Amino acid sequence: MNSPSEPISTTLPRRTFFNRMTAVAFVAGVALAGGIAAVAGATGMGAGGWHHGMSNGHGSADVSAHVDHMLKHLFVEVDATDAQQAQITPLVKQAMADLMPLHAQAQAAHTQAIQALTQDTVDRTALEAARVAHLQLADQASKRLVQLIADVDEVLTPAQRSALAVHLQKMHVRSQ
């Protein structure tokens, strides 16, 4: 409900913004969770060891298969047309291809941090370098995901984005 100090014209754009952000969060989650879950499943590792799958060559095809599976769920939820599916699928696959090298770089920064922690003396410079590397990689990944979300957002209709937002809210309630 609108408060007297908040005109209707400002609440509608906010709702649209939040619906779009929900769609953004979903696509980002699909991309990230898809990659993580596919690698974990492919390598038979638990959550603590999923990242090793990328470095030993088991990740790329499995990630692609998992992304395909997640996209099928997305397409059903939003009742995507064949034309929309044809537009969205390559967008997501290209984003995953762009993000996979960042994963390898993050792995290297993680290894650097672990090595710094296991030395006889604490190498604060190495720890700081690893921290900065992680932040830079996270920023690059975040920018790429936002680009993907905006690209996908342009393909979906407002009604589809709203349906997706409702579905995500239901999933959020179930996970609590």
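Reply: Two packed helices are described by the angle between their axes and the distance between the axes. In this predicted model, helix H4 (residues 82–117) and helix H5 (residues 124–155) pack at an angle of about 175 degrees, and their axes lie 9 Å apart. Axes are lines fitted to C-alpha atoms, for helices over the stretch in contact, and angles run from 0 to 180 degrees between N-to-C directions. H4 is therefore roughly antiparallel to H5, a label for angles over 145 degrees. The model requires pLDDT of at least 70 for local features and 80 or more for side-chain atom pairs, while totals for chains, interfaces and linings use all residues. Residues are numbered from 1 along each chain as its sequence is written, and side-chain values use heavy atoms, with hydrogens and water left out.

Me: Which kinds of residue make up the contact of H4 with H5?

Reply: Ala, Val, Leu, Ile, Met, Phe, Trp, Tyr, Cys and Pro count as nonpolar, Asp, Glu, Lys and Arg as charged, and the others, Gly among them, as polar. The contact of H4 with H5 comprises 22 nonpolar, eight polar and three charged residues.

Me: How many helices and strands does the protein chain have?

Reply: Helices (H or I, at least four residues) and strands (E, at least two) are DSSP runs, numbered from the N terminus. The protein chain has six helices and zero strands, in the order α-α-α-α-α-α along the sequence. Contact means heavy atoms within 4.5 Å. Among contacts with a separation of 6 or more, 72% join residues 24 or more positions apart.

Me: What share of the protein chain counts as buried?

Reply: Buried means under 20% relative accessible area, exposed over 50%, and partly exposed in between (1.4 Å probe, protein chains only). Of the 176 residues, 33% count as buried.

Me: Which residues of the largest nonpolar core touch the most other members?

Reply: A nonpolar core is a set of buried Ala, Val, Leu, Ile, Met, Phe, Trp, Tyr and Cys residues joined through side-chain atoms within 4.5 Å. The largest one has 18 residues, and Leu71, Ile88 and Val92 touch the most other members. Helix H3 (60–78), H4, H5 and helix H6 (158–175) each give two or more residues to this core, with H3 giving the most, six. A second, separate core has five residues, including Leu99, Leu102, Ala141 and Leu145.

Me: Is Leu137 buried or exposed?

Reply: Leu137, which is in helix H5, counts as buried because its relative accessibility is 10%. Leaving aside residues up to four places away in sequence, Leu137 touches Leu102, Gln105 and Ala106. The C-alpha atoms of Leu137 and Ala106 are 6.6 Å apart, although 31 residues separate the two along the chain.

Me: What is the phi of Asp79?

Reply: Most residues other than glycine have a negative phi, and most peptide bonds are trans. Asp79 is not a glycine, yet its phi is positive, at about 55 degrees. Asp79 is in the loop between H3 and H4, and counts as exposed at 62% relative accessibility.

Me: Which residues does Glu77 touch, not counting residues up to four places away in sequence?

Reply: Glu77 touches Ala163 and His167 under that condition. Glu77 lies in helix H3 and is partly exposed, with a relative accessible area of 33%. The C-alpha atoms of Glu77 and Val166, 89 residues apart along the chain, are separated by 9.8 Å.

Conventions
Angles under 35 degrees count as roughly parallel, over 145 as roughly antiparallel, 65 to 115 as roughly perpendicular and the rest as oblique.
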